[in-house]
Number of protein chains: 2
Amino acid sequence: MIIPINEVKEYLLSLQNMICETFSLLEKEKFPEDRWQHHQGGGGISRVLTDGSVIEKGGVNFSHILGGDLPPAATEKRPELKGLAFQALGVSAVIHPVNPYVPTSHMNVRFFLAENNVFWFGGGFDLTPYYGFAEDCVLWHEFAKKACEPFGKEVYPTFKKWCDDYFYLKHRQEPRGIGGLFFDDLHEWGFEQCFAFIKNIGKYYLEAYKIILEKRKNISYTQREKDFQKYRRGRYVEFNLLYDRGTLFGLQTSGRTESILMSLPPEVVWKYQWHPDPGSAEAELYDKFLKPRNWV
Amino acid sequence: MIIPINEVKEYLLSLQNMICETFSLLEKEKFPEDRWQHHQGGGGISRVLTDGSVIEKGGVNFSHILGGDLPPAATEKRPELKGLAFQALGVSAVIHPVNPYVPTSHMNVRFFLAENNVFWFGGGFDLTPYYGFAEDCVLWHEFAKKACEPFGKEVYPTFKKWCDDYFYLKHRQEPRGIGGLFFDDLHEWGFEQCFAFIKNIGKYYLEAYKIILEKRKNISYTQREKDFQKYRRGRYVEFNLLYDRGTLFGLQTSGRTESILMSLPPEVVWKYQWHPDPGSAEAELYDKFLKPRNWV
């Protein structure tokens, strides 16, 4: 079988479009588009909307990179792949909302195709609330579970745990948010099944986040909640610059810096030794939501 | 000769005090003090002043850490030191001023003492302006040169270049600021000379930054300059979380997170694809100041 890379590419471009179209409906404007070339070959389309009424900064990035040989990060676990020419395609979305009652969301799907029909998929989606709503966490994980269900009973718990383990700030001993799904190196189901799963990731991410966004975007808030949102966004920056493999890999391989760092929040605050008052709504985030747990 | 570690410790504590006392004179309050213990032994004193009228966030940290064996970061270049028990002492200062016409400054001095009288010093100081003043850059580097002069003609140019090379954001192809001095693994002059040099680092940092701070702190500014300062602070965060060895080493070895990250600026903004208007004061920073050059 020849791997139909063009089908994957078409799907990823349509997913990027779909995400932008869906969230544009909340705003007066569309996501502006930047097309760029990668110095090694290939390139991408970055779409970033800023200062919307609902979305403070939202980035949806498509990239298609060609490479002479797979980078160490990709061959660490499979040394037999060293030196293979490859193509890497992916879509990443990070939405930082205006309203602190709306969580930040992140979704990524990526596809690697190397010589000899070697391929794998990776990706997932996760949610980072500032003020938690248990019903939103349940919904998010129910949708994650639905995305996994056709592919086996073990898929959701396995990729849910992988997400909890991955999006963890060791230096804070804190998860980044309430998790979702994370997976990498997925190939053992065969191309068709893996590709179908990827499509579910895009579909269920969009549906789940749309529901949460619409439900919470009009809750009234004060400077206090906005301040807490800006403070917590600092954790997002810390995670992405200290741990996130995609970010570090992109920066180390001279990717397009502005597209890679579009994931960083618009306004961020660091305070020394700040802690929420015990019993406050802010403390509840730490006590109730920033603990890995089974939401469904 | 027995290395007089207590003299180093006393000097470092007095340096921390001197820095805090000097900058407190500009504010109505002193630098509040936190004492903490390290889980491996030793501990530190963190002094962080926030929301002052001149200093938006200023952190001056003393630490004295004991370890069973030297970490890989410290033995990479000298494998013969592997496994030695050690003590590490240091003072770091990072001052983020309110006024965008005042540059951010950073100073660090550190001392490692391992078994068998093995020791070395490291440190330096560097300046990160938002709006550049050539005379301030000249002064800063003149003071850096003066600090080096008693120790040989090659010291200033060597440690100046090391600073330019170290404080460089590869992913932006930008220096962090206008440099200063950086050095590590300094032991070949013998303990007495090295210690005298370290004292000069503290002394000339404080003198130079005090002059610049007092000269620029009352320049009037508008939201435009404040916005640019917040934007440029993003580069400071990127450098510290992506590249700074002290930060990464501290976080990886479970140091006190809040003391390590006290270096991060208080309010930061990331904008996608933002560029200063050609010919503007903001463009001048990039065109004239963020290029490694000889200021003296």
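Student: Why does Asn117(A) count as partly exposed?

Tutor: This is a predicted model, so we're working from computed values. Asn117(A) has a relative accessibility of 37%. Buried means under 20% and exposed means over 50%, with partly exposed in between. The 37% of Asn117(A) falls in that middle range, so partly exposed is the label.

Student: And where does Asn117(A) lie?

Tutor: Look at the loop between strand E5 (104-114) and strand E6 (119-128) of chain A. Check the backbone while you're there: Asn117(A) isn't a glycine, but its phi is positive, about 60°.

Student: What makes Gln273(B) partly exposed?

Tutor: Its relative accessible area is 31%. Gln273(B) sits in the loop between strand E10 (267-269) and helix H9 (281-289) of chain B. Its phi is positive too, near 50°, in a residue other than glycine.

Student: How do you know whether Arg172(A) is buried or exposed?

Tutor: Take its relative accessible area, 15%. The cut-off for buried is under 20%, so Arg172(A) is buried. You'll find Arg172(A) in the loop between strand E7 (168-169) and strand E8 (174-175) of chain A.

Student: Which residues is Arg172(A) in contact with, leaving aside its neighbours within four places in sequence?

Tutor: From chain A there are Arg235(A) and Glu238(A), and from chain B there are Thr257(B), Glu258(B) and Leu261(B). Contact here means heavy atoms within 4.5 Å.

Student: What makes the relation between chain A and chain B a two-fold axis?

Tutor: Chain A can be laid on chain B by a turn of 180° and a shift of 0.0 Å along the axis, with an RMSD of 0.0 Å. In chain A, the C-alpha nearest the axis belongs to Val268(A), 2.5 Å away from it. The same surface serves both copies, too: 100% of the contact residues of chain A recur in chain B.

Student: Let's zoom out. How many helices and strands does chain A have?

Tutor: Chain A has 9 helices and 10 strands.

Student: Why is chain A called as compact as a globular protein of its length?

Tutor: Set its radius of gyration, 19 Å, against the globule rule, which gives 19 Å for 296 residues. The two values are close, so chain A is as compact as a globular protein of that length. Of those 296 residues, 61% are buried.

Definitions and conventions. Residues numbered from 1 in each chain as written. Chains lettered and ligands numbered in written order. Predicted model: local features only at pLDDT ≥ 70, side-chain atom pairs only at ≥ 80, totals over all residues. Heavy atoms only, no water. Helix = DSSP H or I, 4+ residues; strand = E, 2+ residues; numbered from the N terminus. Rg over C-alpha atoms; globule rule 2.2 N^0.38 Å. Buried < 20%, exposed > 50% of the residue type's maximum accessible area, 1.4 Å probe, protein only. Least-squares fit on C-alpha atoms with pLDDT ≥ 70 in both.
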